[in-house]
Amino acid sequence: AMISDILRLEIIARNGGVYVDTDYIPLQPLEGLLEGVRCFVGEEQGYDPATKRRHIGNFIIGAVPNHPAIWGMIHELRYRVDMAIAEGRQLDPVAHTGPHVVRDVARKYAECVVFPYPVFSPWNGHYEAPDDLHEYEFPSSAYGCHVFSTRWADRKTLPPKSPFSPLMANGKCYLRREYKKCHSEQPASAG
């Protein structure tokens with residue numbers, strides 16, 4: 001997870017673009033939403049106890065090349081990793097290279113748009129688990145949905161009745177079905 005955290009920021013800083021996690025379901029094209037936006041991240045449902053504000057994830061992040069907010073995130077994660085190593089602490093992907101870095105830096109840059117949770121994360125596996133994920137109706141205002149598969153996490157640390165359980169069992173089928181549903185109007189490729 002930490003290598004992916006670092007790479008997504010390094011690539012966006014140098015080349016610009018949009019990164020989305022593999023457990024993100026696209027529901028609508030981003031072009032209209034991102035018109036004129038030079039840097040963005042997305043909120044998740046739920047509140048961060050450290051900041052008393054909504055979580056900001058690193059599941060979706062984008063910017064033009066050389067945006068100072070992205071470089072700021074890179075500098076911050078380097079500092080956090082260096083400090084943890086110097087203090088002999090175990091590295092934590094959430095705190096040292098991932099969402100907490102994005103959260104702490106993104107809000108310092110007025111030009112970095114923080115989209116509210118209904119845009120990219122209307123359903124949040126941390127807080128609600130629909131009975132049947134295959135039939136879940138996403139709001140029409142949602143551009144996509146992060147389904148929180150946490151494939152990087154140690155499965156032994158997730159509680160047995162975790163909201164992640166249905167996703168881990170059905171995630172691949174669910175993602176394929178949603179992808180097919182979202183892209184059903186596109187012509188089939190020849191070959």
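Biologist: On what basis are the values given, and how many helices and strands does the protein have?
Modeller: This is a predicted model, in which local features need pLDDT of at least 70 and side-chain atom pairs count only at pLDDT 80 or more, while totals for chains, interfaces and linings use all residues. Residues are numbered from 1 along each chain as its sequence is written, and side-chain values use heavy atoms, with hydrogens and water left out. Helices (H or I, at least four residues) and strands (E, at least two) are DSSP runs, numbered from the N terminus. The pattern along the sequence is α-β-β-α-β-β-α-α-α-β-α-β-α, and the secondary structure comes to 7 helices and 6 strands.

Biologist: Over which residues does pLDDT stay under 50?
Modeller: pLDDT is the predictor's confidence in each residue, from 0 to 100. The protein averages 77, and 70% of the residues score at least 70. Where pLDDT is low, the predicted coordinates should not be read in detail. That caution concerns the stretch where pLDDT stays under 50, residues 154–191.

Biologist: What percentage of the residues in the protein is buried?
Modeller: Buried means under 20% relative accessible area, exposed over 50%, and partly exposed in between (1.4 Å probe, protein chains only). The protein has 191 residues, and the buried share of them is 44%.

Biologist: Among contacts between residues at least 6 apart in sequence, what percentage joins residues at least 24 apart?
Modeller: Contact means heavy atoms within 4.5 Å. Among the contacts in the protein between residues at least 6 apart in sequence, the share that joins residues at least 24 apart is 69%.

Biologist: Why is strand 4 described as largely enclosed by the rest of the structure?
Modeller: Strand 4 covers residues 53–63 and has 11 residues. It is largely enclosed by the rest of the structure because the number of its residues that are buried is 10.

Biologist: Which residue takes a positive phi in the hairpin of strand 3 and strand 4?
Modeller: This hairpin has 4 residues between the strands. The residue with a positive phi near 60° is K52.

Biologist: How many aromatic pairs are there, and what geometry does the pair of F40 and F115 have?
Modeller: Rings of Phe, Tyr and Trp (its six-membered ring) pair if their centres lie within 6.5 Å; planes under 30 degrees apart count as stacked, over 60 as edge-to-face and the rest as tilted. The count comes to 5 aromatic pairs. The ring centres of F40 and F115 are 5.8 Å apart and the planes stand at 70°, so the pair is edge-to-face.

Biologist: How many residues apart in sequence are the parts that F40 and F115 tie together?
Modeller: F40 is buried at 3% relative accessible area, and F115 is buried at 9%. F40 lies in strand 3 (residues 39–48) and F115 in strand 5 (residues 112–115), so the separation of the parts tied together is 75 residues.

Biologist: What geometry does the pair of F40 and F120 have?
Modeller: F120, with a relative accessible area of 0%, is buried. Ring pairs link Y24, F40, F59, F115 and F120 into a cluster. The rings of F40 and F120 have centres 5.8 Å apart and planes at 40°, so this pair is tilted.

Biologist: Which residue has a side chain in polar contact with that of E10 at 2.9 Å?
Modeller: E10 belongs to helix 1 (residues 2–15) and is buried at 14% relative accessibility. Leaving aside neighbours within four places in sequence, E10 is in contact with W71, I74 and R78. A polar contact is a pair of N or O atoms within 3.5 Å; within protein, one must be able to donate a hydrogen and the other to accept it, and residues adjacent in sequence count only if both atoms are side-chain atoms. The partner of E10 at 2.9 Å is R78.

Biologist: At what distance does the side chain of D5 make a polar contact with that of N58?
Modeller: D5 is in helix 1 and is buried at 5% relative accessibility. Beyond four places in sequence, its contacts are N58, P93, T97 and G98. The side chains of D5 and R8 form a polar contact of 3.2 Å. For the side chains of D5 and N58, the distance is 3.0 Å.

Definitions and conventions. Pairing = 2+ DSSP bridges.
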